[in-house]
Amino acid sequence: MVTSSERVTSSSNIRVGIVGLSEGNGHPFSFSAIVNGYDDDLFSQAGWPVIQKYLRIQPAEAFGFPNVRVTHAWTQFPETTEKLCKACKIDKAVGRPEEMLGEIDALIIGRDDWETHFSLAMPALERGIKVFIDKPLTLNAEELRLLEPYLKAGQMMSTAGLRYAVELDPIRYNPKLVGAVKLIHGAVLNSPERYGIHLIDALLGLGYGVPTRLTRLISPHDSFSMIFGEDGPQFILNCLGAVGKTFHLGIYGAAGNFQADLHDNFGAFRRTLAAFFTMVQTGIQPIAPEQTIGTMKLLMAMQEMGVGDTRALDWGSQI
């Protein structure tokens, strides 16, 4: 079932380009299929069985947005680009990303290696094209400074998909479910910048404020304590490295606790795309720019800190 928050209305066609592919990340395939639909046989040949598994269980009405279509695609590998276009019904494969810029209204950068984001995004941004960039936006301070005006102008959006996780809806729409929140615990595979950002963005989307203090904890893996707002709640984030699929949040309050494994990729990605396409139409940024900028600075701090280090975090007007 598609909820009102996942619908996009448009009176004119939005032509979307999608670019990039990074190891282990099939967002060009999943995002394009959510928008255009997909050919099941040709998707099987593309080599993303986990994505295809969750696509197959969706009802037909879960695919597509009114007057929105992925029309152009590029990846670093021409053979992969052809497979993407055939599997996801994309009209045109291009040899270079800039070839599509005069023919699209919006661009999705569907790779999560932040080092490539700036060079892929700037040609489109400079032409006035609306751009969505997969997380993390960038961990380079100068690139972040140069991208900030586009965030503030409502021309660019960047977030982790689990900001919109369906599994968090019970507490998203009923904050009193657990009462006053005392402690939040998160566990995720991989590193803070690769997947820890999913849980950080998920909490920012729930409205608990922003982390104002950050401490690196003693642990064999990346582990951090954050204080949201001036005096809590505390969020303990454990990034476990090379483990099985793990995206878990536990929220503990005065009246009970809420536990969620965030595994509905389709639902989160569809909502993310809906938010982006609404921004394309309205020019209204769905996420406070200071949040996106502050999250990148938070991840940079995590990379720099030693065990036991504590830092105060400045989020501008977002506290």
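1. Thr-81 counts as buried because its relative accessibility is 2%; buried means under 20% relative accessible area, exposed over 50% and partly exposed in between, with a 1.4 Å probe and protein chains only. Thr-81 has its place in helix α4, residues 78-87. Helices (H or I, at least four residues) and strands (E, at least two) are DSSP runs, numbered from the N terminus. Leaving out residues up to four places away in sequence, Thr-81 touches Ala-73, Trp-74, Thr-75 and Ala-93, where contact means heavy atoms within 4.5 Å.

2. A word on what you are looking at: this is a predicted model, in which local features need pLDDT of at least 70 and side-chain atom pairs count only at pLDDT 80 or more, while totals for chains, interfaces and linings use all residues. Residues are numbered from 1 along each chain as its sequence is written, and side-chain values use heavy atoms, with hydrogens and water left out.

3. Now to the overall layout. The protein is divided into domain 1 (14-134) and domain 2 (163-263 + 297-312), with bounds that come from an automatic or database domain assignment. The C-alpha centres of domain 1 and domain 2 lie 29 Å apart. UniProt, in an unreviewed entry, lists residues 66-145 as "domain: Gfo/Idh/MocA-like oxidoreductase N-terminal"; UniProt positions are given in the numbering used here, feature names are shortened, and annotations may be inferred rather than shown by experiment. Residues 66-145 are 31% helix and 22% strand, and the end C-alpha atoms of this span lie 34 Å apart.

4. Next, a sheet to trace by eye. Six strands form an open sheet in the order β3-β2-β1-β4-β5-β6, with parallel pairing. Its edge strands are β3 (92-93) and β6 (156-159), each of which pairs on one side only. Two strands pair if DSSP finds at least two bridges between them. Strand β1 (residues 14-19) and strand β4 (residues 106-109) run parallel and are joined by 4 bridges. Val-19 stands opposite Ile-109 in β4.

5. Which strand is mostly covered, with 6 of its 7 residues buried? That is strand β11, residues 247-253. Strand β7 (residues 181-188) runs antiparallel to β11, and 7 bridges join the two; Leu-183 stands opposite Tyr-252 in β11. Strand β12 (residues 256-261) is also antiparallel to β11, with 6 bridges between them. A hairpin of 2 residues joins β11 to β12, and Gly-253 stands opposite Gly-256 in β12. Strands of a sheet pair through backbone hydrogen bonds, either parallel or antiparallel.

6. A search of the whole structure finds 12 aromatic pairs. Rings of Phe, Tyr and Trp (its six-membered ring) pair if their centres lie within 6.5 Å; planes under 30 degrees apart count as stacked, over 60 as edge-to-face and the rest as tilted. Phe-63 and Phe-266 form an edge-to-face pair, 5.3 Å centre to centre with 70 degrees between the planes. Phe-63 lies in the loop between α3 (49-56) and β2 (68-74) and Phe-266 in helix α9 (residues 265-282), so this pair ties together parts that are 203 residues apart in sequence. Both Phe-63 and Phe-266 are buried.

7. Helix α9 takes part in another ring pair. The ring centres of Phe-132 and Phe-276 are 5.8 Å apart and their planes are at 55 degrees, so the pair is tilted. Phe-132 lies in strand β5 (residues 130-134) and Phe-276 in helix α9, so the pair ties together parts that are 144 residues apart in sequence. Phe-132 and Phe-276 are buried. As for Phe-63 and Phe-266, they belong to one aromatic cluster with Phe-29, Tyr-38, Phe-43 and Trp-48.

8. Finally, some backbone details. A cis peptide bond, with omega about -20 degrees, joins Lys-135 and Pro-136; Pro-136 has its place in the loop between β5 and α6 (141-152). Asn-67 is not a glycine, yet has a positive phi of about 60 degrees. Asn-67 lies in the loop between α3 and β2 and is partly exposed, with a relative accessible area of 36%. Asn-190 has a positive phi near 65 degrees and is found in the loop between β7 and α8 (192-206). Asn-190 is partly exposed, at 28% relative accessible area.
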